[in-house]
Structures are given as C-alpha cells and as structure tokens.
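Hello,

Here is the structure I promised to pass on. Please open it first, then read my notes below.

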Amino acid sequence: MPPTEKRLPVTLLTGFLGVGKTTLLNTILSTKAGPKIAVVVNEFGEAGLDHDLIEAVDEDVVLMQSGCLCCSIRGDLSRTLQSLMFRRKTWRVKFDRIVIETTGLADPGPILQTFLADHYLASKFRIDGVVTVVDAAMGPDTLDRQFEAVSQVAMADLLVLSKTDLVPDAASQAFEARLKTLNTTAKILRTQNGGVPTEALWGLSGMHRQGKTEPVMDWLMPNTPPTPDDPLSNLSGFVSAPPPAAHSHLHDARIGSASIVLERPISADAFDLWLDTLIKLRGPDILRVKGIVHVEGVVTPFVFHGVQHLFDPPVPLHDWPAGNQQSRIVVIARDMTRPELARSLDMLRAWQTNETAASLEKEIQP
C-alpha cells in the first residue's frame, strides 16, 4: 500500500503585473465551499484584498468571512510557513491547503527549489501545482517585452487566461496557440472577472505519494496532440510542441521543450547517466523535467519531477495498468533549442536499440 500523504498541498500563484492575480485571490478567499485555504502574499497592501470579506485581523494574519485566511510574508518563506503551521497546530487558525502569491516579476523556479531544498518545507508541504495568470489583452505585448513573464508561462501546470472579454475571440485563440508553444503540457482555463471554479486550481501535480495514473498522465500529456490524420505523426516517438507562429517572438525562442515516449523499460544505468549528464551540463537552464519511468527489472513505474538540479523523491504508481511498460519524459528548458532537447532524449532510445551510451556527452553540448 502506498504511504498516506500527510504533507499539506501548496499552490504557487504567479503571473505578471496587472494580469488579475488579485481578482483571482479574492475569488479564492470568498469561496465558502471546499477546503479552507491560507493565502501567503508579500504584503497586504500589494494584494488589494476585498476588505468587505475581512472578518478580523490578528497581527500578520487576515481572517476572511469564508473561514480562509491571508498571511503576509515576514522574513523568509520558510519562517512564515513555520509560523502558520504553529498557529494551525495550536488551533489558532484552520486551513487545509496553502496558496502562495508571488510578485509580478518573480521567477517561480527558486520558490519551487526552496520547497525541495529546505528540510522542514519538504517534510511538511508538497507543491500541488503552479498556476500562472496570463492577460489575454496585454499578455502578447508583455511576453514580447518581459522574459520573466515567458518563464512564468513555461513553468506553469495551469494557465489561467484572464480578461478574455476585452479582446476578440480570434485574438484569444491566437494567444492560446502561442502559449501552447511555450508550454506543451499546461492546461489553459479561460476566465472573466476572476470567475474560476476553485477546484480547477487544485490537484495539478502528479507528485503525490498516493499517486494515481489518471492525474499523472493528465499532468504529462501535451495540450496539443499530434494531428490524427497525419500518417507520420509521432513516428519518432517524440511528442513535440506545435510549430511556432509565423510572427517571430524573440523571448519565446529562448524556451524549448520536448518529450519522448518509450514503449519498453529503460535500463536504470542508462536513465541515470542521461539525467545526470543533462543536469551536469545544462542544469541551470532546465526549468522542469518530469515523467513516468519504467525501469528494467521493476514492475511498478515511478513518477519523477525536478527543477534545475533538485528533484522530488520519486513516487511509485501502484495502479499502473498491467502489461503497459511505457515511459514518458518531458523536458522544459531555457536557452536550449528543441533539436538539442530532442537529441538528448533520443539517447534513451539509442540504448533501447543497443547503441552505445558513450555518445551521450558528445550530443549534449553546454
């Protein structure tokens, strides 16, 4: 039996300045149904919370009429969350999950790394997903000007497309197509005035100790599948992003992603060498790497996830269909072209066709 998950789920809410994070925060905090939520913000003044929802104030914690609460970061994130957990343990506040709102210019990567590297955070919390709010009206221009916004899109598990009522539907669809080239696996959810069913924000990551196959596959599957009537579709086993739009976007070109599907188990040595070499040579540029891996000699596959050089503990999938030995790996990187990523991933296929592993370091160039 898989171990019971006792760590609290954490959702990272990000998005560039003015995209509508505050509106979404107010929606989350005003929802009376569902789990009790602790929202961690940088400062209350920046959050712009709806004060009609505030019930009481206790030092650095704002309680809401819904029973949720909002906490301002004091010092570093680890100390803030330890303080929140102490309040929860002593029954001063009650919450079932945490939402952390980043600043508009924040890169989600260092925050994700903190949850992997900090012993206390790793033992008490798990990242449940990265939600990035993107402005349908100003988003295209923001992505052209600010690479931070591009990184926020590339790191997301869910993209919430706001202000869709302000632009023609054709423009929204064109922007969605661009977002799919930047992040091939993130789901896209349209919203107007923050009207998002909050349950859609939860359970996005496949890294859960009681891992189930369906949500993990949903986490890994591309949001733009190959065209079914294309006889050459996925001939190589790669499921890559759709081709870039005709208009060139300088910042977009800095994000590359590729995925591979292997039908037979992978040698443990081959997988470790591939991953170790990729991280050693290009670690700072690896935004996220995730997948389901079937290792030779092991009946149960495992789910893995990493940010740069730091990785979650692998999670076994105990309900994986019998007889299916497929592995699926996704890499999202900065300043690496898709051909570079494809070549590195294809080294795994080379081992399955008895080709030498020695060519790996020659193929992945820093």
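Let me start with helix 3. Its buried residues are Leu77, Ser78, Thr80, Leu81, Leu84, Met85 and Arg87. Keep in mind that this is a predicted model.

Helix 3 covers residues 77-89, which is 13 residues. At 1.5 Å a residue, helix 3 should span 18 Å. The C-alpha atoms at its ends are 18 Å apart, so the two values agree. After helix 3 comes tryptophan 91, with a positive phi near 65°.

Arginine 254 lies over the face of phenylalanine 147, 4.0 Å from the centre of the ring.

Now go to helix 10, residues 268-282. Its 15 residues should span 21 Å at 1.5 Å a residue. What caps the N-terminal end of helix 10? Serine 267 does. One of its side-chain oxygens lies 3.3 Å from the backbone nitrogen of aspartate 269. The buried residues of helix 10 are Ala270, Phe271, Trp274, Leu275, Thr277, Leu278, Ile279 and Arg282. Phenylalanine 271 has a relative accessible area of 5%; buried means under 20%, so it counts as buried.

Next, the aromatic rings. How many aromatic pairs does a search of the whole structure find? It finds 7. One of them joins phenylalanine 271 and phenylalanine 302. This pair is edge-to-face, with 6.3 Å centre to centre and 75° between the planes. It links distant parts of the chain, 31 residues apart: phenylalanine 271 is in helix 10, and phenylalanine 302 is in strand 12 (residues 302-307). Ring pairs also build a cluster from Phe271, Trp274, Phe302, Phe304 and Phe311.

Last, two loop residues. Glutamine 308 has a positive phi, near 55°, and is not a glycine. It sits in the loop between strand 12 and strand 13 (310-311). Aspartate 335 is not a glycine either, yet its phi is positive, at about 60°. Look for aspartate 335 in the loop between strand 15 (327-334) and helix 11 (338-352). Is aspartate 335 buried or partly exposed? Its relative accessibility is 37%, so it counts as partly exposed.

Best wishes

Notes:
Residues are numbered from 1 along each chain as its sequence is written. This is a predicted model: local features need pLDDT of at least 70, side-chain atom pairs count only at pLDDT 80 or more; totals for chains, interfaces and linings use all residues. Side-chain values use heavy atoms; hydrogens and water are left out. Rings of Phe, Tyr and Trp (its six-membered ring) pair if their centres lie within 6.5 Å; planes under 30 degrees apart count as stacked, over 60 as edge-to-face and the rest as tilted. Helices (H or I, at least four residues) and strands (E, at least two) are DSSP runs, numbered from the N terminus. Buried means under 20% relative accessible area, exposed over 50%, partly exposed in between (1.4 Å probe, protein chains only). A charge sits over a ring if NZ of Lys or CZ of Arg is within 6 Å of the ring centre and within 35 degrees of the ring normal. The expected span of a helix is 1.5 Å times one less than its number of residues. A polar contact is a pair of N or O atoms within 3.5 Å; within protein, one must be able to donate a hydrogen and the other to accept it, and residues adjacent in sequence count only if both atoms are side-chain atoms.
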